Amino acid sequence: MKNILFIVGSLREGSFNHQMAKKAEDLLAGKANVTYLDYKDIPLMNQDLEIPTLPAVQAARDAVLAADAIWLFSPVYNFAIPGTVKNLIDWLSRALDLSETRGPSALQDKIVTVSSVANGGHEQLFGAYQALLPFVRMQVVGDFTGTTVNPEAWGTGELVLNEEAISGLEKQAQALLQA
């Protein structure tokens, strides 16, 4: 059974992207082991902090190295990748052996896909991920799934995914399992 690591780009408890991740987790039930990366304690990228490796950075690296694939659930912040996610990717894309700066990183050759709940900007967000992820030597699979927040969710806090979004998540789950 594959190990799939979920990275939710919003640190807010009960975020819409976390709710989307829970739906994707349900779709993978019995087909893959799903874990969630806790990265809230990773500081801003700073080469002065690289040696010795910070415990929060090492824990994130270990989680990524143990995963067969990564599924990012990302909000759109000002038509771009959230700073928290970009910072995480910056840390994880650093060489595991800093004496060989172009050497393999924890992200090296990892299978990855991206989904997003936002009220707009999916095209710009997905374009940024499609440029960044191969650059950090990850293997992007599947079509990305983007959906908007259902209007009543702003009052209830409950995301309801439409059939198109659920179908997109199902296809992404299959792409991760087959990769």
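Modeller: Helix α2 (residues 55–66) packs against helix α3 (residues 83–92) at an angle of about 80°, and their axes are 10 Å apart.

Biologist: What makes α2 roughly perpendicular to α3?

Modeller: The angle of about 80° falls in the 65 to 115 degree range for roughly perpendicular, with under 35 degrees roughly parallel, over 145 roughly antiparallel and the rest oblique; therefore α2 is roughly perpendicular to α3. Val57, Ala60, Arg61 and Val64 of α2 make the contact with Leu88, Trp91 and Leu92 of α3, where contact means heavy atoms within 4.5 Å. Axes are lines fitted to C-alpha atoms, for helices over the stretch in contact, with angles from 0 to 180 degrees between N-to-C directions.

Biologist: What should I know about the model and the numbering?

Modeller: This is a predicted model, in which local features need pLDDT of at least 70 and side-chain atom pairs pLDDT 80 or more, while totals for chains, interfaces and linings use all residues. Residues are numbered from 1 along each chain as its sequence is written, and side-chain values use heavy atoms, leaving out hydrogens and water. Helices (H or I, at least four residues) and strands (E, at least two) are DSSP runs, numbered from the N terminus.

Biologist: Why is α3 called roughly parallel to α4?

Modeller: α3 and helix α4 (residues 122–135) pack at about 10°, with axes 11 Å apart. That angle makes α3 roughly parallel to α4. Val85, Lys86 and Ile89 in α3 meet Tyr129, Leu132 and Leu133 in α4.

Biologist: And what makes α1 oblique to α6?

Modeller: The axes of α1 and α6 come within 10 Å and cross at roughly 55°. That angle makes α1 oblique to α6. Met20, Lys23, Ala24, Leu27 and Leu28 of α1 make the contact with Ile166, Leu169, Glu170, Ala173 and Leu177 of α6.

Biologist: How do you know that the span of α6 agrees with its number of residues?

Modeller: The expected span is 1.5 Å times one less than the number of residues. Helix α6 (residues 163–178) has 16 residues and should span 22 Å; its end C-alpha atoms are 22 Å apart, so the two agree. Buried residues of α6 include Ile166, Leu169 and Ala173, and the buried residues of this helix pack against β1, α1, β3 (69–73), β4 (111–117) and β6 (145–147).

Biologist: Why is Ser15 called buried?

Modeller: Buried means under 20% relative accessible area, exposed over 50%, and partly exposed in between (1.4 Å probe, protein chains only). Ser15 has 2%, so Ser15 counts as buried. This residue lies in the loop between β1 (2–8) and α1 (16–28) and touches Val8 and Ser10, not counting residues up to four places away in sequence.

Biologist: How do you know that Lys31 is partly exposed?

Modeller: Lys31 has a relative accessible area of 45%, so Lys31 is partly exposed. Lys31 lies in the loop between α1 and β2 (32–36).

Biologist: What makes Phe79 exposed?

Modeller: At 53%, Phe79 counts as exposed. Phe79 sits in the loop between β3 and α3, and its phi is near 65°, a positive value in a residue other than glycine.
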